[in-house]
Amino acid sequence: MRVALFWMLAVASIVSGWRVFRTDSMVRAAYWLMASFVAVGIIMVQLDAEFLGLVLILMMAGEMTIMAVFMVMFMMNPAGLNPMMMVHQHRASIVAGVLAFVGLAGVGIFARFPEPTLRASGQVTAQLGHELLGDSMLIFETAGVALLATMIGALAIAGATGRFGSADEGSQEPGEA
Amino acid sequence: MSREVLLVLGAALFGIGVYGALSQQSFVMIMMGLELMVNGAIVAAVTLWSRAAAHSPKGQLLAVVFMTVMAVEAAIGFALVTNVFRIRRADITEKLKALRG
């Protein structure tokens with residue numbers, strides 16, 4: 001039962017990941033990506049990483065909803081009524097993707113990894129919580145500060161007005177100078 | 001669910017992400033490719049924690065770092081897309097050729 005569920009989720013995550021680049025609507029692409037992340041999140045729960053799996057699902061639900069809004073704003077092809085295939089260097093990209101897959105899968109299959117130790121036992125989430133707010137607090141706090149810096153940076157980059165008026169005050173197209 | 005199957009799953013997601021990031025013209029779709037690549041990396045990290053070091057919660061911290069990377073990439077990416085669109089009216093990579101040598 002557990003194994004069958006895993007295989008269904010694995011196939012679902014790959015297929016929905018593939019559909020992201022094969023659908024005609026960018027909003028649908030965002031939700032296909034979310035489906036892929038939800039499948040991976042459930043697989044993580046199966047692998048005993050319950051907390052991280054659920055955090056991934058919650059995070060992606062929010063992020064993909066925001067992404068869908070951005071998609072609507074930037075979409076050249078409203079509602080996916082027309083076929084959409086906007087690619088460049090298509091053949092080279094396919095080759096690069098296949099090479100990345102073959103190389104990484106080869107490492108995953110043939111590399112020697114440490115022998116499996118004990119399975120996760122007991123209260124994994126509680127252990128992770130003590131770790132995050134104990135020995136590994138520096139990592140946790142660094143992630144928090146990085147996210148704060150990201151928020152400030154994103155606002156500074158995206159803002160329409162800067163300190164001295166319009167954000168593109170004084171900027172000119174490259175090549176015009 | 002053996003370790004090999006899980007790592008191949010991560011590799012497949014990463015490979016699809018590489019394809020998307022390299023082939024798409026729209027900035028937002030390129031970011032989706034990047035997110036898929038991080039998705040594959042998260043699968044691999046959690047797999048190795050679960051199959052090789054599950055006695056200690058420390059291994060999960062790598063996945064926490066990956067999730068942070070994903071959030072940072074999405075936020076800064078959208079900010080850049082917004083800025084580029086506002087100033088250059090560009091929404092696909094082909095419209096930003098000014099830096100080409």
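In what order do the elements of chain A run from the N terminus on? They run α-α-α-α-α-α-β-β, which gives chain A six helices and two strands. The model is predicted, and the predictor gives the complex an ipTM of 0.90 and a pTM of 0.90.

Chain A has 177 residues, of which 25% count as buried. Among its contacts with a separation of 6 or more, 53% are made by residues 24 or more positions apart.

Helix α1 of chain A covers residues 2-19 and helix α2 of chain A covers residues 26-46; their axes come within 8 Å and cross at roughly 155 degrees. That angle makes α1(A) roughly antiparallel to α2(A), since angles over 145 degrees count as roughly antiparallel. The crossing of α1(A) and α2(A) is left-handed. On the α1(A) side, the residues that meet α2(A) are A:Arg2, A:Phe6, A:Leu9, A:Ala10, A:Ala12, A:Ser13, A:Ser16, A:Gly17 and A:Arg19. Their partners in α2(A) are A:Trp32, A:Ala35, A:Ser36, A:Ala39, A:Val40, A:Ile42, A:Ile43 and A:Gln46. By class, this contact of α1(A) with α2(A) comprises ten nonpolar, five polar and two charged residues.

Helix α1(A) also meets a helix of the other chain. The axes of α1(A) and α1(B) come within 9 Å and cross at roughly 5 degrees. The two helices, α1(A) and α1(B), are therefore roughly parallel, as angles under 35 degrees count as such. Here A:Ala10, A:Ser13, A:Ile14, A:Gly17 and A:Trp18 in α1(A) meet B:Leu9, B:Ala12, B:Leu13 and B:Ile16 in α1(B). The contact of α1(A) with α1(B) has seven nonpolar, two polar and no charged residues. A:Ala10, A:Ser13 and A:Gly17 are listed in the contact with α1(B) and also in the contact with α2(A).

What does each chain give to the contact between chain A and chain B? The contact takes 71 residues from chain A and 63 residues from chain B. On the side of chain A that touches chain B, the elements giving two or more residues are α1, α2, α3 (50-74), α4 (90-110), α5 (124-132) and α6 (137-158). Helix α4(A) gives the most to this side, with twelve residues. The classes on the side of chain A that touches chain B are 49 nonpolar, 16 polar and six charged residues.

Two loop residues of chain A have a backbone feature to check. A:Asp48 lies in the loop between α2 and α3 of chain A, and its phi is near 80 degrees, a positive value in a residue other than glycine. A:Asp48 is partly exposed, with 19 other C-beta atoms within 10 Å. A:Gln89 lies in the loop between α3 and α4 of chain A; its phi, near 35 degrees, is likewise a positive value in a residue other than glycine. A:Gln89 counts as exposed because it has 12 C-beta neighbours inside 10 Å.

Confidence is given here for chain B. The mean pLDDT of chain B is 88, and 96% of its residues reach 70 or more. Where pLDDT is low, the predicted coordinates should not be read in detail.

Key:
Residues numbered from 1 in each chain as written. Chains lettered and ligands numbered in written order. Predicted model: local features only at pLDDT ≥ 70, side-chain atom pairs only at ≥ 80, totals over all residues. Axes fitted to C-alpha atoms, helices over the stretch in contact; angles between N-to-C directions. Helix = DSSP H or I, 4+ residues; strand = E, 2+ residues; numbered from the N terminus. Parallel < 35°, antiparallel > 145°, perpendicular 65-115°, else oblique. Left-handed = near helix turned anticlockwise from the far one by under 90°. Contact = placed C-beta atoms within 7 Å. Nonpolar A, V, L, I, M, F, W, Y, C, P; charged D, E, K, R; others polar. Buried ≥ 20, exposed ≤ 12 C-beta atoms within 10 Å, placed from the backbone. pLDDT = per-residue confidence, 0-100.
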